[in-house]
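Welcome! Open the structure in your viewer, show it as a cartoon, and follow the stops below.

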Amino acid sequence: MKQWLGRIALLVVFAIAGCGGGGGSSDSVSAGVSIHTVSTIATSGGSILPATQTVEEGDRTTFEVTAEAGYSVDQVVGCGGTLIGGTYTTGAITRACTVEASFLPNTYTVTGSIGPDALNRIDGDTNDPATPVIDNNSPEEAQWVLAPALIGGFVAAPGTNSRFGAAGDEFDIYGVELQAGQPIVLDVPDPSGAELDLYLLDAGGIVVDAALGPATSLSLAADSAGTYFVAVGAHVGSSNYSLRLDSTHSLALESQRAVRVSDDFVPGEVIVRTRPDGTDLPEVAAQNMGLLTVAGHPAREQLWRIPEGQSRQVIEALSTSWTPSTRISLSWANPSLEARYDTLRAIKALSQMPGTETVSPNHIVRPARLPNDPWHGLQWSHGNIDLPLAWDISTGESPDAETIMAVIDTGVFLNHEDLQGKLLPGYDFIRMQPTGDDPGSSPMLGASSWHGTHVAGIAAATSNNSVGIAGVSWGAHILPIRALGDGGGTVYDVLQGIRYAAGLPNDSGTVPARRADVINLSLGGGSFSQSEADFFQSIRDQGIFVVAASGNSGGAVNFPAAYDAVFAVGATDAVNAKTGYSSFGNQLAFVAPGGDMRVDRTGDGYPDGILSTVADDTSGSRTSGYAFGEGTSMAAPIASGVVALAASVDPALTPDRFEQLLVSGLLTNDLGPEGWDPETGWGQINALGTLRAVTETNSDLDPALTASPGQLDFGLTEDVLEFSLRSVGGGSLQVTQVTANTSDGLDWLLVTPKSVGADGLGSYTLMADRNGLAHGTFEGSIEVRTESLADLVIPVSLRVAAPDLALDTVGRIYILLLDTDGQAIASQGVDLEDGVYSYRFDDVLAGEYRIVAGTDMNNDGFICDAGEACGAFPTLSLFESVTIDRDRSGLDFSAGFRALASTTALGSELTDAGGGDGIARP
C-alpha cells in the first residue's frame, strides 16, 4: 500500500515532421544558403512551441516552453540553447537538431505538529519494537504517574507472541497518589481475545482489591487517600488497554461495574444458572471437580460451594488456562480477600463450562437502615406526604381490595402488639423453616436491629386501635420472609425469598396461599448481574411491584434498587430535603421520608427519625417496643405502603401503569429541578396525589418520553457514554430527531444510534471530542424531538484538562498521509520532542489528502485500532481532507487515548481502508 513520491515523468513523445516530411530533422539548400530544420519533443505536462522551425545556417531561433497546471519545467536541452524564463534560445544552427523539453508534476512539502492530549501517559514497555523497554513489572519498578491521567498500555500473558519472549509482559504497575473514592477504570478493547485483570496494591505492595476479566471495563476505587500501586495483569492473551485515573466519580460506572474482590460476597459460594436446553449437565461435571451443589434446582438458580481449603485445586481442575503469576507474588491484605479472589477465579472458569448460562458470586446484602436508640414520638412523615388526607379516600381496608406486602428482611416479630391481625404465614430462608419470625440479628441482648419488624410497622402496623403507631396502609397484610440474619444475608437467600413471595418455585418447596402484590426490599448490596436484571423484570411482568431502598452510602444507587424493573426509593428529612446519606443517581425513581436523627426540626423534642415497631429483648425475652430509625430502609416501606393503598383502590394497577402516572407528575411533589433529577428522582411520593391519580385517571395517559440517565457527564477522561430513550405513557410515540448541541457552538459532541427501533426508542451512543478544546468546563445537551411532545433535553457536561508539556505523552506515533482512497502513500514514525511531535512530508504531489496519526503499541501494523492513541487533522470527528497545491505548514492537531473511541470517531472510511480495525501503516 505504498506509492512512491518524487520525480515522475511520463514520456509522451510528439514526432514533428520537418520540411522534407518523414518525421525527423532535415537539412536543405536554398539559393546557396543551407536551411536546417529544428524540431521539438515534449513530455506530458507541458508544451514547446512552435513544434518545428526552419533556420538558415548560423542563425538562432527561440521556442516558448509552457508547463501545464500542476507541472513544472524539469529541463530543456538540445541545439546548444539556454532557457531563460519560458523562452528557450538555441545556439547557432549548423545542422538539423531537436529541442527536448521535459516536465515533472509539482511536489510540495507538508509540515505540522501533533500535541498529545492533556493527561495522556504511556506504558513504559509496550510491544512497539521502535520504542525502548522501561520495565514496570513490579512495585519496585513501578512507573509513577500523577492522577488524573489516561494511560495507554500493552500487556502479554506468558507464552503469548510478543517481543518479550516466553515470559511475556504479564504486569504493568503504576504508582499513584489517590484520593478516597477516586475511580480507577481499565478499558479492554476485545475481552474475547484477551483476559485482563485489574489490581490495587497498598504502599507496601499488598493487594487490597482486584477486578477480574474478561470484561470490556473493570473498575476499582481507593477506600482512603494515600499512596497505591495500580496493576494491569494479562491472564490470557495479549492486548492494548486504556487505564483511566479520573477525578470524577461516575454513578453510571458504579451501576454497571464488574464484581470486585472487595465486594461483600460469601467466599467459596457461587450462584449458577444453567442453560434451559438441558443439553449439558455442568453440575455433574462440577461435582466431579470437587464442587458441592448446596441448594437450588437446574430449572432455576443453584447455589454451589467450593469445599474449604480446596479452592486452588478446584480452579486448576476447572481451568487449563489458570497459572499463578510468574512475575510478581500476589500478597493479600487478609485471607478473606484472597478467598474471594479465588472465588472470582473459579467463577471465571465456571462461566466457560459448556451448559452454564450465568455464574455470579453470592453477594451479601445488608439492611439499609441506620440504627439508633429507641424513642417514642410523632409520625411527622405522614403529614409530609399528605397521608391523613389520603386516608379520607382509602385506608386500604374493606370494601377496598386486600393487598399483600412481602417484607423480605430479618423477619418480623410475630407477637408484636401493633402487628396483630396483619401478619400472614411466612418463611425463614436462613433456618429453612415455615415461619417469618424475627429472632433477633445479634446474640447479644439489646443489640439486635429488629430491622424487618421496623419496616413492617412503617408500612402496615395495625391502625386506629389505640395502640402504638399507624401504618401507611391500614388494610395491607404483611408476608414476613426472613432472608437476613446476623451481619446481613446473601443474594441467593433473597432471591429465594422473592420467588416465594411471587409464588414461584423456590428452595422451601412451598408457596404462600396467595402471592404478594408488593415486595419491599429495604436492603442492598452486590453488583450488576444480567440474570438478576432479567429475573426482576420477570417479577414485574407478573404485575408485582418491587420497591427497594436506594442505599445509605450517599453515592450510587445500590442493587437491587438499581435494576430497571425495581422502584428505587431515596430518603428525605423532616423539611423535605434530600438527606446526605441517601444514595442517588440515574436509577432513582422517587424519594420518601427517611429521617435525620441528628436534628429535631419538627420541634417535638425527639430526633427526626421514622417511628415504628421493634422488639425489646433487654430482659432476655422479646416484648413489644417502638423506636425511631433513619435510612432509605424507612423510606422504602413508606413508599410500599402508598403503593399498597393505590393497589387496594385499583386492583388492576400494574407497575407499568404506576410508572406512567409517576412520569406524568401525578404521584409526587417535585423537589428539585423541574421533572426528573438524580438527587430526588421524580420527587417525593404524595399519598393523596397517588390515590387521586389512581381513582380519577381512568383513561390511557398521553405518551411520555423519558431518558436514562437524565444527565451525562464525561468528566476528564471519558469519551463515550450511552443513554436510552423509552416511552412510559399510553399510546404510541415516535421520535423524529435526536441531535447533539453545544452551548459554545463548537462541534465536540456526536450522537449516534446504538440499538434503536423504528419508533426511535432504544439506546444511543454519545461521543465527545476534546481535540481543539481549551482547558475548562464545557456544556452541551441532547435534544430529542417527537411528533407530538415537547422537546426532551438531556444536559451534557465535559471537562478538559490543561496541557502539561513536561508530562503529556502517548509514546511513539506514526503519521500517515492518506490519498482519496484512504491508502497511506507516506508514513513516518516520530518521538515526542519538547512536548510535540513534529512531522514533515517532502515531494508530495498535488491533490487531496488526509492526515492521521496514532500509536502501534501492540505492533500489529495498524494505527488507530482499538486501544491505540489516535488523532487526525483537523480533529478526529471532522477528519477533513487537505488540498495540497502549494507548500503547506501549520497542519497541527492532537492525538490521544480516546477511551476506545478512536475508530468510531474516525468514521467508516478509515476503518474500511484499514480492514475494519484501524489503518495499516506502510
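Residues are numbered from 1 along each chain as its sequence is written, and side-chain values use heavy atoms, with hydrogens and water left out.

**Colour by confidence**

Now colour by pLDDT, the predictor's confidence in each residue, from 0 to 100. The protein averages 86, and 89% of the residues score at least 70. Select residues 1–24, where pLDDT stays under 50, and then residues 900–916, where pLDDT also stays under 50. Where pLDDT is low, the predicted coordinates should not be read in detail.

**Show the secondary structure**

You will find 14 helices and 56 strands. These are DSSP runs numbered from the N terminus: helices are H or I with at least four residues, strands are E with at least two.

**Stop at a three-strand sheet**

Select S50, S10 and S55, which form an open sheet in the order S50-S10-S55 with mixed pairing. Strands S50 (837–845) and S55 (893–895) are at the edges, each with a single partner strand, so one side of each has no neighbour in the sheet. From one strand to the next, the twist averages 35°; angles run from 0 to 180 degrees between N-to-C directions, with axes fitted to C-alpha atoms.

Which way do S10 and S50 run relative to each other, parallel or antiparallel? Strand S10 (residues 107–116) runs antiparallel to S50, and seven bridges join the two; a pair of strands needs at least two bridges found by DSSP. Zoom in on Tyr-108, which stands opposite Val-844 in S50.

**Finish at a helix**

Select helix H9 (residues 530–541), with twelve residues. From its first C-alpha to its last it reaches 16 Å, close to the 16 Å expected at 1.5 Å a residue, the expected span being 1.5 Å times one less than the number of residues. Show the side chains of its buried residues, including Phe-535, Phe-536 and Ile-539. Following H9, look for Gly-543, whose phi is positive, near 90°.

How values were computed: Predicted model: local features only at pLDDT ≥ 70, side-chain atom pairs only at ≥ 80, totals over all residues. Contact = heavy atoms within 4.5 Å. Buried < 20%, exposed > 50% of the residue type's maximum accessible area, 1.4 Å probe, protein only.
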